[in-house]
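Hi there,

Here is the structure I promised to pass on to you. Have a look at it first, and then read my notes below.

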Amino acid sequence: MLRQVILSAAGNDRVKTVVAGAPVSRGVVRRFVAGEAVEDAVRTTRELQAGGLVVSLDHLGEDTRDAGQAEATVRAYLLLLDRLAEAGLTGDGRCEVSVKLTAVGQTIDPALALDNVRTICASAGAAGTTVTLDMEDHTTTDATLAALQQLRVQFPSTGAVVQSYLRRTEDDCRALAVEGSRVRLCKGAYREPASVAFQSAAEVDASYVRCLQVLMQGPGYPMVATHDPALIALAGTFGRAPGTYEHQLLYGVRPAEQLRLAGEGQTVRVYVPYGDQWYGYLMRRLAERPANLGFFLRALVSRS
Ligand code: FDA
């Protein structure tokens with residue numbers, strides 16, 4: 001219920017103006033976002049790698065309806081990949097990038113988004129790394145999976161994301177669990193109708209278990225994106241050796257668990273967002289967890 005309210009507020013321009021303009025928001029956002037500049041992304045990547053973690057960087061921004069903005073996002077990724085390569089941080093899959101197709105023009109024209117993400121994939125390849133396509137709301141799922149299929153012809157390591165809250169996802173996992181595929185399984189972060197998505201946490205979790213089983217039993221490389229202790233533990237029960245799959249957690253969420261898993265010899269990738277378009281990302285994190293909302297409200301009260 002609270003989740004639905006916050007996700008609705010995320011789309012409300014007046015709420016956005018108040019939250020994004022409040023000085024305290026910047027302090028709170030620092031917990032979940034590396035910073036606004038490319039240097040912040042590079043510094044955070046270096047620090048996480050020094051702790052034995054690997055990274056996926058996300059240049060914040062989504063759903064642009066402006067081709068110039070989409071192009072600016074592409075340029076931001078190219079700059080990022082150059083800086084990461086210069087700093088020697090991209091080798092051995094230690095740092096990839098995550099891209100939202102709507103941030104590079106999917107809403108304007110899917111062909112434009114495909115061209116743009118191809119440019120990013122080529123730059124990632126030159127830097128010795130790869131791209132994962134983030135998954136957004138269900139209206140974009142088909143287009144995103146179609147783009148993935150085309151990208152994988154030229155860039156076979158391009159990763160996909162599936163969301164266990166969608167009723168279709170178990171079937172998508174079967175289609176994606178093939179040799180050479182990289183598939184991130186998450187629960188899903190958007191507000192979705194019951195016609196396409198499970199609504200209760202128990203159903204979403206049960207679907208996660210079924211999808212995880214399909215991916216873990218297939219020949220691909222599963223990326224287990226969750227902070228849920230039960231699901232993290234479950235990933236270790238399929239008899240797969242460390243290095244044949246990975247755990248993924250968000251920057252700022254359960255950092256001690258990230259280090260504990262890495263200390264066990266697991267591959268742990270931290271998803272690190274950076275950039276000034278942090279509003280939508282912050283609202284999804286608040287919607288996920290009342291404790292995060294409490295943290296935000298306490299910060300508001302204590303500063304005012
Ligand atoms: P959930 O939120 O249900 O939490 C389950 C349990 O985890 C909690 O009960 C608690 O025990 C523990 N937990 C969770 N948060 C915690 C915290 N802050 N502190 C301590 N314990 C905590 N979504 C999407 O739609 N498209 C995408 O492309 C991605 N990409 C993505 C990448 C990565 C690396 C991650 C980790 C997540 C995503 N997501 C995403 C977001 C995802 O869909 C989901 O919204 C969040 O991961 C929250 O779901 P959990 O699986 O963590 O479980």
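A nonpolar core is a set of buried Ala, Val, Leu, Ile, Met, Phe, Trp, Tyr and Cys residues joined through side-chain atoms within 4.5 Å. Buried means under 20% relative accessible area, exposed over 50%, and partly exposed in between, using a 1.4 Å probe and protein chains only. This is a predicted model, in which local features need pLDDT of at least 70 and side-chain atom pairs count only at pLDDT 80 or more, while totals for chains, interfaces and linings use all residues. Residues are numbered from 1 along each chain as its sequence is written, and side-chain values use heavy atoms, leaving out hydrogens and water.

**The cores**

The largest nonpolar core has 62 residues. Among those with the most contacts inside it are L57, L80, V97 and V272. A second, separate core of 13 residues includes F32, Y271, L282 and M283. In soluble globular proteins, nonpolar side chains tend to be buried together.

What does V272 touch, not counting residues up to four places away in sequence? Its contacts (heavy atoms within 4.5 Å) are A34, T44, L48, V55, S56, L57, D58 and Y251.

**Helix α4**

Helices (H or I, at least four residues) and strands (E, at least two) are DSSP runs, numbered from the N terminus. Helix α4 covers residues 38-50, and its end C-alpha atoms are 19 Å apart. That agrees with the 18 Å that its 13 residues should span at 1.5 Å a residue, because the expected span is 1.5 Å times one less than the number of residues. The buried residues of α4 include V38, T44 and L48, and their cover includes β1 (54-59), α5 (67-86), β2 (95-99) and β8 (268-274). Just after α4, G52 takes a positive phi of about 90°.

**Q258 in helix α11**

Q258 lies in helix α11 (residues 255-263). Is Q258 buried or exposed? Q258 counts as buried because its relative accessibility is 4%. Leaving aside neighbours within four places in sequence, Q258 is in contact with L53, L249, L250, V253, V268 and V270. The C-alpha atoms of Q258 and L53 are separated by 7.7 Å, although these residues are 205 apart along the chain.

**Two loop residues**

D63 sits in the loop between β1 and α5, and R254 in the loop between β7 (246-250) and α11. Neither is glycine, yet phi is positive in both: near 40° for D63 and near 50° for R254. D63 is partly exposed at 35% relative accessible area, and R254 is partly exposed at 32%.

Enjoy exploring!
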